[in-house]
Amino acid sequence: MAKEQGKVKQETGRIINRFGRERANLIPILQKVQEELGYLPREAMAEIARFLDIPEIDVYGVVTFYNQFRLNPPGKHSIRVCLGTACHMKGGYITLDAWKRRLEIDRGQTTPDREFDLDTVACVGCCVMAPVTVVDEEPQGQVEPTKVDGILLSFKLEKEKR
Amino acid sequence: MKLSGQPKAGSIFDEIKRRAEIHRQELGGAKAVIMVGAATCGRAAGALKVLRAIKDELKKHNLDCPVLEVGCMGHCYAEPIVVISKTGYPPIVYQQVNPVIARRLVKEFILGDDPCLEFVLGALGENELVPDFADFPRARFEQKVILKDCGFIDPEDIEHYIAGGGYSALNKALQIAPEEVIAEVKKSGLRGRGGAGFPAGEKWELCRSAAGKPKYVICNGDEGDPGAFVDRAILESNPHSVIEGMLVAAYAVGAQQGYIYVRAEYPLAVKRVRLALRQAKKLGLLGKNILGSDFSFDIKLFEGSGAFVCGEESALIASLEGEAGTPSHRPPYPAESGLNGKPTLINNVKTLAYVRHIIGEGADKFAGAGTKKSPGTAVFALAGKVVNTGLAEVPMGTTLRQVVFDVGSGIPNGKGFKAVQIGGPSGGCLPESALDLPIDFDSLTGAGAMMGSGGMIVLDEDDCMVEIARYFLEFTQRESCGKCTFCRLGTKQMLEILSDITKGKGKLKDLDTLIELAEDVRAGSLCGLGRTAPNPILSTLRYFRDEYEAHILEGRCPALMCPELIAFYIIPDKCERSCDACVGTCTVEAISSHPKKRYKIIDQEKCVKCGTCLTACPPQYNAVVKLSPPSEVPE
């Protein structure tokens with residue numbers, strides 16, 4: 001554990017050194033750190049606070065204010081169910097239920113084997129393909145419960161091939 | 001090469017334009033030019049697979065044809081779209097192309113001479129073979145200004161934009177005084193397209209006359225309204241049109257630094273804007289002494305982090321400063337004291353995209369379309385239960401009916417129209433009786449909706465109006481930043497009441513409480529999020545009170561949508577019995593056969609009401625039905 005914490009600190013330090021120490025860089029720094037580490041561990045937030053010379057609570061406040069930042073590690077595959085208006089009216093909430101049921105996790109969580117993480121997104125702007133699920137950054141259209149099973153099956157087959 | 005003396009702005013631009021035109025002519029020399037619509041909507045439909053198939057097939061036949069990834073033409077219902085321009089033919093637009101069709105197009109049309117008419121959507125230009133887009137019924141109502149180039153130029157190649165007349169408006173603006181630029185924008189009557197409709201020219205003037213340095217120009221691309229995707233389409237399909245608008249605005253107000261604020265949920269828009277900024281810098285259209293003038297301006301891209309409230313200008317500025325995006329009290333308005341306390345001009349993506357047309361072609365041409373109080377065009381993102389989903393740009397003053405039924409071709413599957421939701425969480429639901437309303441900023445507000453960011457969701461008879469109000473309240477409640485008490489607690493209270501109603505636990509007096517709370521939240525909130533949050537409730541209560549009453553008094557959802565108030569049932573007489581379509585497809589194994597008679601039975605305890613069985617049941621039997629209230633299911 002201590003070793004992992006040290007590594008996070010070191011990695012974070014390497015990433016943030018590319019930025020200036022202005023407060024206005026806080027969000028771009030958080031975005032970059034999350035992009036590289038996959039999430040924002042406590043040690044990373046502390047390191048960023050030190051770097052910008054602001055209280056840790058300010059960093060935590062910003063992290064928890066915005067939907068994009070996550071406090072726990074992501075899964076190997078990210079599942080983002082779109083709950084924009086068009087998706088909702090075409091059954092996005094049913095699709096979300098199907099993902100929850102199949103993965104046995106709630107939104108904002110990661111499966112215990114860290115294969116999948118599930119979350120919702122307000123709108124990805126592909127309203128005409130509703131209901132949309134963004135699977136590993138790739139928006140997929142018309143994802144209904146049977147397609148949820150199909151997507152999971154293709155991941156399973158792919159994993160067996162490896 | 002050394003130039004003697006300072007060249008004039010005009011001559012530098014002429015040279016840039018000349019080179020861009022040569023570049024474009026080179027494209028025309030190929031056997032055929034292929035364009036694949038690869039904006040996010042096209043990609044979701046499989047455009048990248050089509051792109052790969054085309055490139056692969058071209059290689060197989062040793063064909064050297066340019067393949068361009070373009071943006072969105074607005075015909076999202078037909079994605080993935082491929083446009084092929086071949087000598088001797090008008091550019092032909094193909095719809096719903098998959099990799100197999102793509103390979104056939106290369107083999108049979110480009111290599112052979114068969115234009116594969118079975119896959120055609122339309123053509124661009126008059127001809128004897130394929131119907132011209134201009135002859136489509138919807139073309140009578142559409143008038144493309146800011147969407148004109150979207151889908152027809154390569155958004156990743158600045159020279160396409162320049163060859164089509166891009167950056168000429170900047171060149172023109174630099175040769176007149178900033179005050180004249182502002183006068184032209186004022187004369188056009190352009191109103192901000194972010195939702196509120198504040199006159200853009202006045203905002204510019206305010207910012208120009210404000211004291212303080214440096215000044216900033218911010219492009220608000222934080223299009224957070226669920227159901228709106230106009231800004232995304234423009235940023236992905238024609239990013240330079242927005243950059244040019246910002247440059248002209250910056251010159252007019254005297255700004256030195258600009259920011260484009262784009263939602264993190266739009267990764268492709270982020271990528272294309274970043275590339276566009278780099279290309280503009282390389283040509284000297286951004287940076288120091290632009291086109292040889294005294295005007296210097298630079299633009300940085302800022303990625304939002306997913307907070308709806310940041311679409312509000314003061315919250316957006318807080319976010320740019322590295323703070324949580326909470327709005328602040330106005331006045332002072334950002335035009336006087338904005339980013340870092342300096343005068344800041346914030347305009348929406350669409351507003352800025354109009355600027356090049358106003359400066360380039362004149363204010364009169366712009367104001368020639370639309371109504372007196374709302375000149376120009378309006379862009380809508382049509383989605384939901386409508387045949388032609390996609391983008392529609394129509395003159396202001398067009399009626400809702402024309403947009404939904406003529407441009408959008410009405411409701412699919414023979415269903416009946418119920419309402420159209422305009423303006424997202426700030427807007428409202430308008431019924432059939434409001435369809436003949438001419439669309440402009442003021443008429444929509446009067447009817448209880450709002451222009452908002454241009455989202456237009458069509459709802460049919462299967463959509464529950466209480467549920468849609470609940471959905472929007474859930475959204476605003478979650479996205480409320482928490483600063484104002486009425487917004488923070490009021491939305492929560494309203495959401496709880498609405499949730500109870502959708503579960504059949506509401507009381508009639510709840511409706512009065514809702515209206516009372518709505519007034520309080522509206523009066524007690526600082527920013528647009530809170531002030532408009534009650535709109536979805538008020539508009540549905542105003543036009544669809546009977547639906548609320550059915551939920552409360554009868555425990556019935558008339559649209560058969562609210563999960564707690566419906567049950568799925570298989571009519572034994574209609575069930576084919578030897579067919580197992582529903583059993584196999586049920587995601588929770590809730591369907592079994594009657595032990596003797598073999599018709600299918602749904603275990604109501606297990607059923608999660610996902611509706612898969614209803615879709616799976618072959619249409620010739622149509623045995624699965626929804627019933628409401630659930631007590632309608634026979635024992």
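Biologist: Why are α19(B) and α21(B) called oblique to each other?

Modeller: In this predicted model, α19 (residues 509–523) and α21 (residues 535–543) of chain B pack at an angle of about 140°, with axes 10 Å apart. Axes are lines fitted to C-alpha atoms, for helices over the stretch in contact, and angles run from 0 to 180 degrees between N-to-C directions. Angles under 35 degrees count as roughly parallel, over 145 as roughly antiparallel, 65 to 115 as roughly perpendicular and the rest as oblique. The two helices are therefore oblique.

Biologist: How are residues and chains labelled, and which residues count?

Modeller: Residues are numbered from 1 along each chain as its sequence is written, and chains are lettered from A and ligands numbered from 1 in the order in which they are written. Local features need pLDDT of at least 70, side-chain atom pairs count only at pLDDT 80 or more, and totals for chains, interfaces and linings use all residues.

Biologist: Which residues of α19(B) and α21(B) meet?

Modeller: Leu511(B), Leu514(B), Ile515(B) and Ala518(B) of α19(B) meet Ile537(B), Leu538(B) and Leu541(B) of α21(B). Contact here requires C-beta atoms, placed from the backbone, within 7 Å. By class, this contact has seven nonpolar, no polar and no charged residues. Ala, Val, Leu, Ile, Met, Phe, Trp, Tyr, Cys and Pro count as nonpolar, Asp, Glu, Lys and Arg as charged, and the others, Gly among them, as polar.

Biologist: What makes Val62(A) count as buried?

Modeller: A residue is buried if 20 or more other C-beta atoms lie within 10 Å of its own, exposed if 12 or fewer, and partly exposed in between. Val62(A) has 22 such neighbours, so Val62(A) counts as buried. Val62(A) is found in helix α4 of chain A. Helices are DSSP runs (H or I, at least four residues), as are strands (E, at least two), numbered from the N terminus. Leaving out residues up to four places away in sequence, Val62(A) touches Leu26(A), Ile27(A), Leu30(A), Glu323(B) and Ala324(B).

Biologist: How many residues of chain A and chain B are in contact?

Modeller: 40 residues of chain A are in contact with 47 residues of chain B. On the chain A side, the largest share, four residues, comes from α5(A). By class, that side has 23 nonpolar, 13 polar and four charged residues.

Biologist: How do you know that helix α9 of chain B is mostly covered?

Modeller: Eight of the eight residues of α9(B), residues 230–237, are buried. Among them are Val230(B), Asp231(B) and Arg232(B).

Methods:
Contact = placed C-beta atoms within 7 Å.
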